[in-house]
Amino acid sequence: APKAPVASSLALAGARPAWRQKDQPHTQKQFVFEKPSEVERRVPEAGVIDKPGVYELSKGPTGTSRIHLIPGFIDSEQADWMFEQLLQDIPWGQRTHIRQEVSFEEPRLTSWYGELPYTYSRITMQPNPNWHPLLTVLKERIEEFTGHTFNSLLCNLYRNEKDSVDWHSDNEPSLGKNPVIASLSFGATRTFEMRKKPSPEEDGDYTYVERLRIPLDHGSLLVMEGATQEDWQHRVPKEYHSRDERINLTFRIIYPEPDGVWK
């Protein structure tokens, strides 16, 4: 049988390409640029916390960030009448913010209780030592459960799905270092979202940070402690579906700010 051409045999045997054979006439070399493959970076899916327990969120130079979720801290029958009484009796008001010479109203109603003023978002809420009796009872019940004492309370009323609070940390100087904040919810379930603050290398980019979603039901208690306010942010976003009223009570400790500087 006739032998196969030498070139074909070389090609099948994996020999060098024709343009690299010394005995071949010179031809123009062709180079194909291939972009180096990049490691695909995916936006992490938000985790969900909806079971009772203590959750360690992160550890870092600032300490351990930890939350404690207690669904049904107030049983539903008690929570029903407490919600109605607080909705009616608390002196709800709406704060006005000014940003870049444009004023806008906060998308929720608030009320403050405590011997000291509280400043956040550059607006000061004046002292109000006249605690509603029910709020005092709830404060004492939470203090007994957590082992922490509180001297102040910020009340929030989300009237419907359009009311919200944007990303923030409760890290004002008057709250001190690593504050403990106990958040008690009544009424419609709303999602409490958390996101970890980016590392310095991310230059303020929150795209790839860890995120959590926590549905806070009627009568549920969420306690944030440790470095949570230092290393994480939280919010209650607007929702697309209809939501009834929700009351959120956030108990905290406020320290004096002599001359406007916390010491």
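Predicted model: local features only at pLDDT ≥ 70, side-chain atom pairs only at ≥ 80, totals over all residues.
Let's start with strand 12, which covers residues 190-196. Most of this strand is covered up, with six of its seven residues buried. What does strand 12 pair with? One partner is strand 13 (residues 211-216), joined to strand 12 by six bridges, and the two run antiparallel. If you look across from Phe-192, you'll find Ile-214 in strand 13. Another partner is strand 15 (residues 232-236), which also runs antiparallel to strand 12 and is joined to it by four bridges. Here Arg-195 stands opposite Gln-233. Arg-195 also lies over the face of Tyr-206, at 3.6 Å from the ring centre.

Now for the aromatic rings. To describe a pair of them, you give the distance of the centres and the angle of the planes. The count for this model comes to five aromatic pairs. One of them is Tyr-113 with Trp-131, a tilted pair with 5.9 Å between the centres and 45 degrees between the planes. This pair links distant parts of the chain, as its members are 18 residues apart: Tyr-113 belongs to strand 6, while Trp-131 sits in the loop between strand 8 and helix 3. Are these two buried or exposed? Both Tyr-113 and Trp-131 are buried.

Tyr-118 and Tyr-120 make another tilted pair, at 5.4 Å centre to centre and with 35 degrees between the planes. Tyr-118 and Tyr-120 are both buried as well. Finally, take a look at Arg-95: it lies over the face of Tyr-120, at 3.9 Å from the ring centre.

Note on methods. Residues numbered from 1 in each chain as written. Heavy atoms only, no water. Buried < 20%, exposed > 50% of the residue type's maximum accessible area, 1.4 Å probe, protein only. Pairing = 2+ DSSP bridges. Phe/Tyr/Trp six-rings, centres within 6.5 Å; stacked < 30°, edge-to-face > 60°. Lys NZ or Arg CZ within 6 Å of the ring centre and 35° of its normal.
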